[in-house]
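Open the model in your viewer and keep the selection panel at hand.

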Amino acid sequence: MEISVGQWILIAVLILVPLLYEWSATFKYFCKMAFYNGWILLLAVLAIPICAVRGRNVENMKILRFMLLHIKYLYGIKIEVRGWENFSLKEPYVVVSNHQSELDLLGMMEILPNRCVPIAKRELMYAGTAGLACWLAGVIFINRKKTDDAISVMSEAAQTMLREDVRVWVFPEGTRNHDGSMLPFKRGAFHLAVQAQVPIIPIVMSSYKDFYNKKDRRFTTGKCTVRILPKVDTRGLGSDEVPELTESVRKMMLATFLELSGEPSQSRDACSQ
Ligand SMILES: CCCCCCCCCCCCCC(=O)SCCNC(=O)CCNC(=O)[C@H](O)C(C)(C)COP(=O)(O)OP(=O)(O)OC[C@H]1O[C@@H](n2cnc3c(N)ncnc32)[C@H](O)[C@@H]1OP(=O)(O)O
Ligand SMILES: CCCCCCCC/C=C\CCCCCCCC(=O)OC[C@@H](O)COP(=O)(O)O
């Protein structure tokens, strides 16, 4: 039997790819990240028709959540959750959490309460099937390039929260922060909570440094602790108090982040001054 050139190439690829995967941490990193995005796009294909039955509805978030929950097992990431009791509020609230990477989706889905939707950058709406699935699940999209638009979407969200009993999840750093600390917080989430007069629930995900580093292109298995902190009341507060509220929540989250990540406090806070 003759082996054609195409078949030789296929054989070479089948041998080389696994070898490279084991030998090169960088190659492994890119494979794992590509699979992560590809797998989510594929899962979204399954989620879309199921979600479409209800139309755009926050209840669809449950479907996305259950579809994504298994990914941590594929990647050997153990997620430990502390503070579940702090989520036992009946009323709407604003969740604020730190944002290290797209892997935050795993921690988010681990604990996402019912009727809770994230605020996301508008670009995500155009991320193919994932964008459509997000839209169907009621994700709130903001245009970060147009402050006025973003603020008016958030003000509308304050009314929706109360009218439709919806919780909102915001990443107040406003962008992914890969360098193992916490950026200064933007104030949108805190204005939102004050406008709706609902509590804030801070969430802290410990540093991924032991298993994931974008700069070093390293992605192994590991453990992450997610801590749900006690609610912070905003009743009676007005927009003048938002800067102070923002700072006090950030301070509390940073202290928890350093504690969970086994870092000495203060030393990593280059951004708080
Ligand atoms: C199966 C398939 C599944 C697919 C996956 C599903 C899951 C998807 C998960 C997706 C996860 C995706 C995750 C993601 O995509 S994360 C990226 C998107 N998220 C964010 O950016 C959220 C955080 N950003 C903010 O809160 C910003 O403040 C906003 C965006 C609102 C404006 O930012 P901008 O940079 O333009 O301006 P600024 O912050 O300098 O603010 C300017 C001034 O305005 C004031 N101000 C702000 N807000 C309000 C307000 N509401 N009412 C009244 N005033 C307000 C503010 O205090 C300031 O005034 P002053 O204080 O300086 O005087
Ligand atoms: C046909 C078009 C195909 C487009 C392919 C796009 C591939 C994307 C595939 C799957 C999306 C995975 C969903 C991951 C959700 C996490 C989102 C995320 O972490 O967004 C980053 C945002 O918080 C801050 O953005 P920047 O750090 O400021 O940037």
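Two residues are in contact if their C-beta atoms, placed from the backbone, lie within 7 Å. Helices (H or I, at least four residues) and strands (E, at least two) are DSSP runs, numbered from the N terminus. This is a predicted model, where local features need pLDDT of at least 70, side-chain atom pairs count only at pLDDT 80 or more, and totals for chains, interfaces and linings use all residues. Residues are numbered from 1 along each chain as its sequence is written, while chains are lettered from A and ligands numbered from 1 in the order in which they are written.

**Helix H9**

Select residues 242–260, helix H9. Its buried residues pack against strand S2 (94–97), helix H8 (188–196), strand S6 (200–205) and strand S9 (222–228). Buried means that 20 or more other C-beta atoms lie within 10 Å of the residue's own; exposed means 12 or fewer, and partly exposed lies in between, with C-beta atoms placed from the backbone. Val 242, Leu 245, Thr 246, Val 249 and Arg 250 are among the buried residues of H9, and so are Met 253, Leu 254, Thr 256, Phe 257 and Leu 258.

The expected span is 1.5 Å times one less than the number of residues. Step past the helix to Gly 262, which has a positive phi near 65 degrees.

**The whole chain**

Zoom out. The protein chain has nine helices and nine strands. Its radius of gyration is 21 Å, close to the 19 Å of the globule rule for 273 residues, so the chain is as compact as a globular protein of that length. That radius is taken over C-alpha atoms, and the rule is 2.2 Å times the number of residues to the power 0.38. Along its principal axes the C-alpha trace spans about 80 × 50 × 35 Å. Buried residues make up 33% of the chain.

**Annotated spans**

Select 34–53, listed as "transmembrane region" in an unreviewed UniProt entry. This span is 95% helix and 0% strand, with its end C-alpha atoms 30 Å apart. Next take 93–208, which the UniProt annotation calls "domain: Phospholipid/glycerol acyltransferase". Here the span is 38% helix and 20% strand. UniProt positions use the numbering used here, feature names are shortened, and annotations may be inferred rather than shown by experiment.

**The ligands**

Which residues come nearest to ligand 1? They are Thr 147, Lys 186, Arg 187, Gly 188 and His 191, out of 34 around it. A residue is near a molecule if its C-beta atom, placed from the backbone, lies within 6 Å of it. H7 gives the most to this shell, with five residues.

Move to ligand 2. It has 14 residues around it, and the closest are Asn 37, Gly 128, Ala 130, Thr 175 and Arg 176. Helix H2 (25–52) and helix H6 (128–136) each give two or more residues to the shell. H2 gives the most, with three.

**Two loops**

Finish with two positive phi values. Arg 115 sits in the loop between helix H5 (104–111) and S3, with phi near 50 degrees. Arg 115 is partly exposed, with 18 other C-beta atoms within 10 Å. Gln 197 lies in the loop between H8 and S6, and its phi is about 55 degrees. Gln 197 also counts as partly exposed, with 15 C-beta neighbours inside 10 Å.
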